[in-house]
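Subject: A structure for you to explore

Hello,

Here is the structure I promised to send you. Have a look around it first, and then read on for what turned up.

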Amino acid sequence: MKNVKQVKGVRKPLVAGNWKMNGSIEISIDLIQGISSGQWDSVETLVCPPFTLLSSVRHSIGDSGVKLGAQDVDSHPSGAFTGQISASMLVEQGCEYVIVGHSERRALFGESEREVGLKAQAALSAGLTPIVCLGESQDEREAGTTFDVVRRQLAAVIDETQGNRLSSIVVAYEPVWAIGTGLTATPEQAQEVHALIRQQLRDLDETEGDATRIVYGGSMKPDNAPNLMAQPDIDGGLVGGASLDADSFRAICLAADQMN
């Protein structure tokens with residue numbers, strides 16, 4: 001097996017801000033101005049605002065280098081799906097990334113593992129990079145089934161995206177039990193699951209598995225980001241609440257830059 005730390009150096013860290021159902025045109029302009037004032041040559045930065053803000057955020061980003069992404073996508077290319085957004089529509093808005101399978105989509109809207117895989121495939125087909133979210137609930141962790149849950153969720157995505165390069169996706173590990181609960185996943189707990197995901201990918205294709213970025217999505221903040229991103233298989237973060245504060249988001253980006 002290759003030296004993991006050496007391999008990590010060839011994966012460019014990604015820090016992605018998931019704004020969820022927050023923001024306004026005015027707020028988004030201020031946030032982008034604050035975020036884009038930082039300089040992190042070795043880190044890719046990304047914001048995922050609500051659909052209604054994509055156009056204004058794209059304009060605010062300009063040539064700053066910050067990438068634009070969306071929070072969800074439909075698995076169909078077009079059709080009678082009222083209220084849904086297709087991958088080609090996101091591309092037209094300037095998106096390069098899209099989040100699929102976020103724990104809130106799975107829990108609140110009943111998205112199945114197969115549907116998440118179909119959304120990932122739709123994104124890839126349109127030229128978008130899907131950020132595929134995986135993770136276990138508190139009950140699943142306490143039952144000792146974390147590995148089984150994560151393996152199954154990733155396998156469903158792999159099944160639907162066969163024929164695409166594994167490194168064309170980003171995987172985000174979200175320990176659902178550590179999001180907004182006051183509980184915290186230690187860097188070692190996070191690394192253990194990231195290493196599991198990495199090995200599952202490497203079992204399919206060693207080179208592609210080593211090249212795939214796996215980011216942490218369990219309430220990353222400025223105070224825990226350095227220790228998390230010091231782990232060999234943590235390649236950045238999918239940041240929720242802290243992405244709505246420019247200073248906090250910049251601090252996380254700086255931590256990623258220093259660890260690369």
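A residue is called exposed when its relative accessible area is over 50%, and buried when that area is under 20%. Please keep in mind that this is a predicted model.

For helix 2 and helix 12, the angle is about 35° and the axes are 9 Å apart. The crossing of this pair is right-handed. At the contact, Leu 31, Gly 34 and Ile 35 of helix 2 meet Ala 246, Phe 249 and Arg 250 of helix 12.

In soluble globular proteins, nonpolar side chains tend to be buried together. The largest nonpolar core here has 59 residues, and Val 47 and Ile 197 touch the most other members. Helix 12 (residues 246-259) gives this core its largest share, 6 residues. Leaving out residues up to four places away in sequence, Ile 197 touches Leu 134, Val 150, Leu 154, Val 171, Tyr 173 and Ile 214. Another core, of 12 residues, lies apart from the largest one, and its members include Leu 14, Ala 172, Val 215 and Leu 238.

Next, the cysteines. How many disulfides are there? The count is 0. A disulfide needs two cysteine sulfur atoms within 2.5 Å. The closest cysteine sulfur to that of Cys 48 belongs to Cys 95 and is 7.7 Å away, so it is too far for a bond. Cys 253 is in no disulfide either, as its nearest cysteine sulfur, that of Cys 48, is 13 Å away. Are these two residues buried or exposed? Cys 48 is buried because its relative accessible area is 0%, and Cys 253 counts as buried at 0% relative accessibility.

Ala 156 lies in helix 8 (residues 146-160) and counts as buried because its relative accessible area is 15%. Ala 156 and Glu 113 are 43 residues apart in sequence, yet their C-alpha atoms are 5.9 Å apart in space. Beyond its neighbours within four places in sequence, Ala 156 is in contact with Glu 113, Arg 114 and Gly 117.

The other one is Pro 226, found in helix 11 (residues 225-229). Pro 226 is partly exposed, at 28% relative accessibility. Not counting residues up to four places away in sequence, Pro 226 touches Ala 255 and Met 259.

Enjoy exploring!

Best wishes

Terms used: Residues numbered from 1 in each chain as written. Predicted model: local features only at pLDDT ≥ 70, side-chain atom pairs only at ≥ 80, totals over all residues. Heavy atoms only, no water. Buried < 20%, exposed > 50% of the residue type's maximum accessible area, 1.4 Å probe, protein only. Core = buried A, V, L, I, M, F, W, Y, C linked by side-chain atoms within 4.5 Å. Helix = DSSP H or I, 4+ residues; strand = E, 2+ residues; numbered from the N terminus. Contact = heavy atoms within 4.5 Å. Axes fitted to C-alpha atoms, helices over the stretch in contact; angles between N-to-C directions. Left-handed = near helix turned anticlockwise from the far one by under 90°.
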